[in-house]
Amino acid sequence: MKTNLNIGIRLTLVTLILFGISFPLLITLIAKLAPGGGLGEEIAVNNEVKGFELIGQKFDVDQYFNSRPSAVDYNAAATGGSNKGPSNAEYLAQVQARIDTFLVHNPAVSRAEIPVDLITASGGGLDPHISPQAAYVQVDRIASVREIDKQKVRKLVDRFVENPLLGMGTARVHVLRLNLALDQLK
């Protein structure tokens, strides 16, 4: 019994040192060597930080491209999904409210044309990207509100479509980068 207890204590100390101290220090060192020093890649305009590369922001006013909904209200300290499935009445009501709101602000769009990423939150709740379809479906509204030629706005979206690396994955558009470029559009 004493032998088993000694083995258990030694194993606990070794795993504590290995996984409680060494591994976190290694990950911290790797993060410090990454762009941004582990603090995240900042997106800045004129030396003013506007956001981060991997953290979405809420854009829900008519003159900007809307971002993907967030189950955590874009709070980076509390990432996560809602855990509500398609049979949950509260979730269905929330999605329906998002659809209704989108249609009010985009009267030229039919319900069938609304991409799913504009009415459902991502798993982490902080996705900074939308699909190209989600961006294109908003072009008419933005062109109208900003009184800019529709083709000019569409070409702007084209410039910000990020194709998947090596053809794996799906194309996407970074909403903050697109909206910052939209502010520069004349």
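Colleague: How many of the ten residues of H6 are buried?

Modeller: This is a predicted model, in which local features need pLDDT of at least 70, side-chain atom pairs count only at pLDDT 80 or more, and totals for chains, interfaces and linings use all residues. Residues are numbered from 1 along each chain as its sequence is written, and side-chain values use heavy atoms, leaving out hydrogens and water. Buried means under 20% relative accessible area, exposed over 50% and partly exposed in between, with a 1.4 Å probe and protein chains only. Val175, Leu176, Leu178, Asn179, Leu180, Ala181 and Leu182 are buried in H6, which is largely enclosed by the rest of the structure because the buried residues number seven of the ten.

Colleague: At roughly what angle do the axes of H5 and H6 cross?

Modeller: Helices (DSSP H or I, at least four residues) and strands (E, at least two) are numbered from the N terminus. Axes are lines fitted to C-alpha atoms, for helices over the stretch in contact, and angles between N-to-C directions run from 0 to 180 degrees. The axes of H5 (residues 150–160) and H6 (residues 175–184) come within 10 Å, crossing at roughly 140 degrees.

Colleague: Which word describes how H5 lies to H6?

Modeller: Angles under 35 degrees count as roughly parallel, over 145 as roughly antiparallel, 65 to 115 as roughly perpendicular and the rest as oblique. The axes of H5 and H6 cross at roughly 140 degrees. This angle therefore makes H5, relative to H6, oblique.

Colleague: How many charged residues are in the contact of H5 with H6?

Modeller: Contact means heavy atoms within 4.5 Å. Leu156, Val157 and Phe160 of H5 meet Arg177, Leu178, Ala181 and Leu182 of H6. Ala, Val, Leu, Ile, Met, Phe, Trp, Tyr, Cys and Pro count as nonpolar, Asp, Glu, Lys and Arg as charged, and the others, Gly among them, as polar. By these classes the contact of H5 with H6 has six nonpolar residues, no polar ones and, among the charged, one.

Colleague: How many charged residues are in the contact of H4 with H5?

Modeller: The axes of H4 (residues 139–146) and H5 come within 9 Å and cross at roughly 125 degrees, so the two helices are oblique to each other. Val139, Asp140, Ile142 and Ala143 of H4 make the contact with Lys150, Val153, Arg154 and Val157 of H5. Five of these residues are nonpolar and none is polar, while the number charged is three.

Colleague: Which residue of S2 is the bridge partner of Glu42?

Modeller: S1 (residues 42–45) and S2 (residues 48–52) run antiparallel and are joined by four bridges. Their hairpin has two residues between the strands, and Asn46 takes a positive phi near 50 degrees there. The bridge partner of Glu42 in S2 is Phe52.

Colleague: What is the relative accessible area of Ala78?

Modeller: Ala78 lies in the loop between S2 and H2 (89–105). Its C-alpha is 9.0 Å from that of Gly124, although the two are 46 residues apart in sequence. Ala78 is partly exposed, and its relative accessible area is 34%.

Definitions and conventions: Pairing = 2+ DSSP bridges.
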